[in-house]
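Hello,

Here is the structure we talked about. Please open it alongside this note and follow the residues as you read.

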Amino acid sequence: MNPNQLPLLDIFNSLRQRHGLPLGVDEYLTVLRSLQSGFGIGTRQEIEQLCCLVWAKSEEESRLIRRLFEQMWRYSPDTSDQPKPSSPSPESEESSAEIPESEPLPELEPQPNLTPEPVQAVQAVRSSRRDRELRRPRYSLLTEYFPVTRRQMKQTWRYLRRPVREGIPTELDVEATVAKMGREGILLEPVLIPPRKNRADLVLMIDQDGSMVPFHQLSRQLVETAQRGGRLRQTRVFYFHDYPDQYLYRHPAMLNAQSMSEVLEEIGERAVVLIISDAGAARGNFDPERIDSTKVWIEQVQQSVRYCAWLNPMPNQWWQNTTAGEIARLLPMFEMSRQGMNAAIGVLRGRYIAWERMYSWLL
């Protein structure tokens, strides 16, 4: 199925202009680049699933997107490479008219392919900006990733703490001062101690490309909020594709390779590791080779650091009977939600009870 033949811009404009969804150019380009990378172009269902993952923030919005696609498949020319008659048969017109709709949908007219679709999307966003501001509060942010906002990410990172007293003594030690005064009978000088500083070291290992393309913006937000708002001592970021094959990369374009053994030696045993990957849940496949290779990698990490957790951008109900479901048995894995992120941080602080209770169905 050729992504260039899909009138996605018509559906994108309908969602924004007629239905008021807070979508921006970034969301449109994410879907377009995913299709160009080969993700979601196998079947019509995969295309719909991709758009729902990127554009929908609720089940109601997902149903709306699927209805628009249903109308597109019904009235638009066939997107396959096989020749198709220019007009539909009377039987298809009659059957299409009999399908009831819960609410009227806009007519999707194909637009002339004179301008690249990303440029058309930018033009459409700019031309309807005034209408969009009337429909949505001005404080809505098009770059937010729901259900976890940037602010919530920063707040969650701040729970990851390993306080250590170091530096110049500036804080009053009340108990020691009272004890000293009791021994000496007079307070000549208070007892001071160094302030507490957060010495937590975080290591992010992020899956890139392939089925993770729709979640690149999420990965960037996690890195940015951890580095700028997490108040951690140090945040290191490494990248891989599906699973590290002996090497991790310091650049998301898979540049600056570093062996796994060197990385683990560099970060030290006091660091905590958070893995971000769909673990194969996005495609819904079961890949024994990926499971075995991931198991070897996780065991290597767990032998070097005390705490390790996994954040999955796919909802946990999508993990069953997939590679992700098996990998979730190897270490604590949580879906990318506010509750899931809080639970992952709890694991990195040495608390396993939350994981066992939340995902006991996987055990």
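Glu224 and Arg228 sit 4 residues apart in helix H10, about one turn of the helix. They form a salt bridge, with the closest N and O atoms 3.6 Å apart. Keep in mind that this is a predicted model.

Glu224 counts as partly exposed, at 30% relative accessibility. Arg228 counts as exposed, at 71%.

The count for the structure comes to 10 salt bridges. Another one of them joins the side chains of Arg66 and Glu48, at 3.5 Å from N to O. This pair links distant parts of the chain: Arg66 is in helix H4 (residues 59-75), Glu48 is in helix H3 (residues 44-55), and they are 18 residues apart. Arg66 is partly exposed, with a relative accessible area of 33%. Glu48 counts as buried, at 12% relative accessibility.

Next, surface charge. Lys154, Arg158, Arg161 and Arg231 gather in a patch of positive charge on the surface. Arg231 is placed in the loop between helix H10 (216-229) and strand E6 (234-240). At 59% relative accessibility, Arg231 counts as exposed.

Now the cysteines. How many disulfides does the structure hold? The number is 0. A disulfide is a covalent bond between the sulfur atoms of two cysteines. Take Cys51: the closest cysteine sulfur is in Cys52, 7.1 Å from its own, and that is too far for a bond. The cut-off for a disulfide is 2.5 Å between the sulfur atoms. Cys51 counts as buried, at 1% relative accessibility. Cys308 counts as buried too, at 5%.

Last, helix H14. Is helix H14 (residues 338-348) largely enclosed or largely open? Of its 11 residues, 8 are buried, so H14 is largely enclosed by the rest of the structure. The buried residues are Gly340, Met341, Ala343, Ala344, Ile345, Gly346, Val347 and Leu348. Buried here means under 20% relative accessible area. Gly350 follows H14, and its phi is positive, near 95 degrees.

Best wishes

Technical notes:
Residues are numbered from 1 along each chain as its sequence is written. This is a predicted model: local features need pLDDT of at least 70, side-chain atom pairs count only at pLDDT 80 or more; totals for chains, interfaces and linings use all residues. Side-chain values use heavy atoms; hydrogens and water are left out. Buried means under 20% relative accessible area, exposed over 50%, partly exposed in between (1.4 Å probe, protein chains only). Helices (H or I, at least four residues) and strands (E, at least two) are DSSP runs, numbered from the N terminus. Patches are made of residues with over 30% relative accessible area and no salt bridge: like charges are joined within 9 Å, nonpolar side chains (Val, Leu, Ile, Met, Phe, Trp, Tyr) within 5 Å. Accessible areas come from the Shrake-Rupley method with a 1.4 Å probe; for residues, only the protein chains shown count as cover. A salt bridge is a side-chain nitrogen of Lys or Arg within 4 Å of a carboxyl oxygen of Asp or Glu. Lys and Arg count as positive and Asp and Glu as negative; His and the chain ends are not counted. The place of a charge is taken as NZ of Lys, CZ of Arg, CG of Asp or CD of Glu.
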